[in-house]
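Me: I'm new to this one. Can you take me through the model, starting with a pocket?

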Amino acid sequence: GEKGEDTTEACLEEGKELLRRFTYILDVQCLEEGIKALSSELGLPRPHVKKGNTNDSLHQMTTRERIGNDEIYDFIVKRNRRDIELYEWSKGLSLVKCSEL
């Protein structure tokens with residue numbers, strides 16, 4: 001198949017079609033809230049979600065700032081552009097909209 005920056009629009013559309021078939025999609029950006037919402041949706045007891053090792057100052061930085069090297073950042077974005085497009089698109093399907101929290 002296509003790899004990296006050569007991934008085709010058709011591959012992106014196939015990814016979207018696959019995600020459309022999922023009943024629930026959770027966004028890793030607000031996974032804790034997503035897990036709680038999913039348990040509520042399914043009528044399950046509210047889970048105790050153990051927070052991972054988070055560094056709030058790190059989460060406030062942009063991805064470019066966290067990488068700290070424009071050349072490497074640009075390479076990663078170019079190489080993974082279809083993955084990034086799919087992730088950005090999939091946020092609209094997520095059970096919890098992280099941007100609304």
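**The second largest pocket**

Reply: Helix H6 contributes the most to the lining of the second largest pocket, with four residues. Keep in mind that this is a predicted model.

Me: How much space lies in the second largest pocket?

Reply: About 410 Å³. Its lining has 13 residues, and the closest to its centre are Thr63, Arg66, Ile84, Tyr87 and Glu88.

Me: Which elements give two or more residues to that lining?

Reply: Helix H4 (63-67), helix H5 (70-79) and helix H6 (81-90).

Me: And what is the lining of the second largest pocket like by class?

Reply: Seven of the lining residues are nonpolar, two are polar and four are charged.

Me: Back to Tyr87. Where is tyrosine 87 found?

Reply: Tyrosine 87 is in helix H6.

Me: What is tyrosine 87 in contact with, leaving aside neighbours within four places in sequence?

Reply: Asp27, Val28 and Gln29. There is also a spacing to note with glycine 15: tyrosine 87 and glycine 15 are 72 residues apart in sequence, and their C-alpha atoms are 9.9 Å apart in space.

Me: What about serine 90, buried or exposed?

Reply: Serine 90 is buried, at a relative accessible area of 11%. Serine 90 also lies in helix H6. With neighbours within four places in sequence left aside, serine 90 is in contact with Leu19 and Ile25.

Me: Leu19 is in H1, I think. Which residues in H1 are buried?

Reply: Leu12, Gly15, Lys16 and Leu19 are buried in H1. Viewed down the axis of H1, the buried residues fall within an arc of 100 degrees, so they line one face of the helix.

Me: Why would residues a few places apart point the same way?

Reply: An α-helix has 3.6 residues a turn, so residues three or four places apart point the same way.

Me: OK. What covers the buried residues of H1?

Reply: The cover includes H6.

Me: And how far does helix H1 reach from its first C-alpha to its last?

Reply: Helix H1 covers residues 9-20, which is twelve residues, and it reaches 17 Å. That is close to the 16 Å expected at 1.5 Å a residue.

Me: Changing topic. How many helices and strands are there in the chain?

Reply: Six helices and zero strands. Along the sequence the pattern reads α-α-α-α-α-α.

Me: What percentage of the chain do buried residues make up?

Reply: 17% of the 101 residues in the chain are buried.

Me: And of the contacts between residues at least 6 apart in sequence, what share join residues at least 24 apart?

Reply: 62% of those contacts do.

Me: One more residue. Where is the place of isoleucine 35?

Reply: Isoleucine 35 sits in helix H2, residues 31-41. It is partly exposed, with a relative accessible area of 30%.

Me: What does isoleucine 35 touch, not counting residues up to four places away in sequence?

Reply: Leu26, Pro47 and Val49.

Me: And how far apart are isoleucine 35 and histidine 48 in sequence and in space?

Reply: They are 13 residues apart in sequence and 9.6 Å apart in space, C-alpha to C-alpha.

Terms used
Residues numbered from 1 in each chain as written. Predicted model: local features only at pLDDT ≥ 70, side-chain atom pairs only at ≥ 80, totals over all residues. Heavy atoms only, no water. 1 Å grid on protein atoms, 1.4 Å probe; cavity = no way out; pocket = protein on both sides within 12 Å on 5 of 7 lines; lining within 4 Å. Points joined across faces, edges and corners; volume = space filled by probe spheres on them. Nonpolar A, V, L, I, M, F, W, Y, C, P; charged D, E, K, R; others polar. Expected span 1.5 Å × (residues − 1). Buried < 20%, exposed > 50% of the residue type's maximum accessible area, 1.4 Å probe, protein only. Arc of directions from axis to C-beta. Contact = heavy atoms within 4.5 Å.
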